[in-house]
Amino acid sequence: MTTPETVAKPIALAKFQAGDFKSDLKPIWCPGCGDFGVVTAITRALAAIGRPPHEIAFVSGIGCSSRIPGYTTAYGFNTVHGRSLPIAQGIKLANPELLVLVASGDGDGFSIGGGHVAHVVRRNMDLTYIVMDNQIYGLTKGQLSPTSSRGRKTVTSSFGSLEEPVNPLLYVMGYGANYVAQGTPADMNQLAKIIEEGIRYPGFAFINVQSPCVTYGLEEQQLRAHKTNMQNLQTSGHDTSDRAKATEIAREYGHKLYTGVLYRNPNPPPTYGQGVMERQEAAKAHAVSRSEILNRFKPAG
Amino acid sequence: MSQDLIIGIAGAGGDGVVSAGESLITAAALEGYHCIMTKSFGSQIRGGEASCRLRLAVQPVLNPNGPLDVAVALNWEDFRRFGAELPVAATTIVIYEASTGVAPDNLPLQGVKPAMVYRVPITEMAVKHAGADKAKNIVIAGLLAGWFGIGRESMLTGIRKKFSKKGAAVVEGNVRAFQAGIDFAAANPLKEDRKLAAPQAGRETKLLTDGNDMCAAAAIFAGCTFFGGYPITPSTEIMQYLDREIWKYGGTVLQAEDEIAGIGAVVGASFAGKKAMTATSGPGMSLKTEMLGLASIAELPLVCVNVQRGGPSTGMPTKAEQSDLFQAAFSGHGDCLRPVLAPTSVGDVFSTTVEAFNLAEHYQTPVIVLSDQEIAQRKETVDPIDTSKFELIERRRPTEAELANYSRFKLTESGISPISHPGMAGGNYLAAGIEHNEVGRPTASGEMHARMNEKRFKKFNPLKNRRDLFTVEGDPNAPIAMVSWGSVAGVAREALRLAQAEGLQVKLLVPKLLYPVAEPIYQDFFASVQRGLFIEQSHQAQLYRVVRMHVDFPATVKAFAKSGSNPILPTEVLARLRELVVSIQGSQHQPEPLVD
């Protein structure tokens, strides 16, 4: 949360269990989908944070991943394709006290909605943005995604993709994100931890989750492969305050599976919301009553 | 004496033409005249040609009207670029810059030789008295004050105030330039007295503003605390005004990265429980369509202002048109209904905007306000508005009992369900663009979809009997009718006055609610009608066609419509009305009866 008050609030540990944040709606996901792990990690993180479900707004777009808000007990908003970020920003600005989570997928977040990412990052809106990246369009049954590798054959790239993939980690680093992490449901403890830390981080937090598609994903993208290949940044002594090093690690996206916090700015810059509150505070003394608002249109004699 | 004076001033950008107009309209408003001022520019960002048109009158003015009574040209090339916007008639008094070298009997005007032409060394006077040619506009103000008796004292006060920061020498120079204009007018009296008659009610405190600023102020009055938008001509001033003001009321303006994000943030703010608004024009409206659909199915209140300009696509960004009604009523996929309102004047923008917020909150729906470039950007005197008469409606929140077993989209008698928002314990639900059941769970059930569609349509039924959103003027039993909306309604109103003055039996319907079409109100109106005209500024006559879809009015009711930027004049409308009278009298058989 943005302000000192709201950052301090969540310290009501153990008040909630992860189960308090899980709804009884049955997910539409395929058995074994990585997103089951993500919703579990999110509910664990929320239990650790300790804010009651009604103080949480959970926004998503369209795609397999975007069904997630409905599987929690928070106020959910399953919006339209690619537009979760603008809607989430409106929610946060309208009520800065809310804890606002945004869920997206690689297509929703970096293709149709990719244009919004730069702006939420540079505004440093106090949101936690969780992208379930499976390198494929699962809901529409297996088309090329913006993070699919070059040469990947899918039903819309029968002869192989001709494009380089988007690098989500480098993308947000490039715009100056202050909290950037990557996880996989292959390590649930770490995934829950980096989501929790992202929520606690005062400002925009980005978490890319390598969440395998069991139906259309490649063998090397499945959890079994993750377990073998992942390299835990936190156990390998990575300095999360080193932006240059974090950028180097981000470059390995698509080649190596680094998990954990890549970058965490130890000196969080002011959030957009803080600026808004300061401006409102400074301006309120100058307000004329709403009923007299038209008086300013009287021509000055 | 004149009861009504139309003045057009044109020059190069930087000549201060608009600033001269501003001084005149402020002075005239302070003296109690009714005024309208429109501005027009070439498409260049700086420089290029600039003009303004002022209409100053003793009686209320309803539109900027046609040919000029007074034309002021600082140079003829720029003046002529405005063509039909500054039409010169034989009776127009022409005042022009002497250094143009043009002879008074050889003005570069097509097809007309004005009788009264005054060649004035405007620049020379400015340099002589104020020491700078920048004071040309002050000389013009002096000339007009002298010849037409407009606001001499008020303008002097204004000049002193305006230049006070620049030191006494500058103030005095400009006062001398103004006086020089008055002296020139006195030394060269008009061949006939065209001084504006004294204002009706003496000095009265009118408001003076434009439609965009009025819209923004109305939004704050209505309790709007969130605006998300993207700059686009001619709506941007709404965002600019709110950016100066809304913070004082605990509100926020977000200049978003694009039109979609602008309305997206508004949808979010509304979900979070706040009254929220966006404003845009044609191309932006096209981009916002998907979000409007989302707000409709998620039943979230919001106000979306479309300041119409010429279209399609980029069209004519600085010119008014009424060609976005189809879009407002029908754009977006799926079965969907959303209210569309239109103001008819700057003053009317206030009540229209407040009404839009009320409808949005009450019906939990996006509401579109169709303003247009003319209303948005013209400056107009507005009679004082008693804000205590306005009721502000808030969305229906769930009670404690309802929260105990909350159903966000409960199927109620009225179709309106209690709406919670994040932060409200017990109100947790999933809002979604996907079809849902009463508690908000996604569904693909055809039966539930049909029931939710019915709910989302039937809640608007009471709107169709909102007679307060329609005005009927003139003889209620008249056989000849006009229907007009938006800024063009001001033209129709003046045509009605002219028609009544010559004894024609005419009436006029002006809907503020354009959609849904209020069938009963139109049916009552057309009951006596044998001939009629929908008067609109669009190629297709969009209101005519939309009403036709719903109401069986006589085939002898036609449209009188022109594409944007082609002025429709009261006298033209009058001529059409006269033809209709002849047509009724000349018809051999009875008109077909109205079918119920």
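Two strands count as paired when DSSP finds at least two bridges between them. With that in hand, let us look around this predicted model.

**The sheet of chain B.** Seven strands of chain B form an open sheet in the order 9-8-10-11-13-12-19, and their pairing is mixed. Strand 9 (252-255) and strand 19 (513-515) are at the edges with a single partner strand each, so one side of each has no neighbour in the sheet. Strand 8 (residues 226-229) runs parallel to strand 9 of chain B, over 4 bridges; there, Phe226(B) has Thr252(B) as its bridge partner. Helix 9 (residues 259-271) of chain B lies across strands 8, 9, 10 and 11 of that chain, at about 165° to strand 10.

**A buried helix face.** Helix 6 (168-187) of chain B has 20 residues and reaches 28 Å from its first C-alpha to its last. Its buried residues include Phe178(B), Ile182(B) and Phe184(B). The buried residues of helix 6 pack against strand 6 and helices 3, 4 and 5 of chain B.

**Where the chains meet.** Contacts link 45 residues of chain A with 54 residues of chain B. Helix 3 of chain A gives the most to chain A's side, with 8 residues.

Key: Residues numbered from 1 in each chain as written. Chains lettered and ligands numbered in written order. Predicted model: local features only at pLDDT ≥ 70, side-chain atom pairs only at ≥ 80, totals over all residues. Helix = DSSP H or I, 4+ residues; strand = E, 2+ residues; numbered from the N terminus. Expected span 1.5 Å × (residues − 1). Buried ≥ 20, exposed ≤ 12 C-beta atoms within 10 Å, placed from the backbone. Contact = placed C-beta atoms within 7 Å. Axes fitted to C-alpha atoms, helices over the stretch in contact; angles between N-to-C directions.
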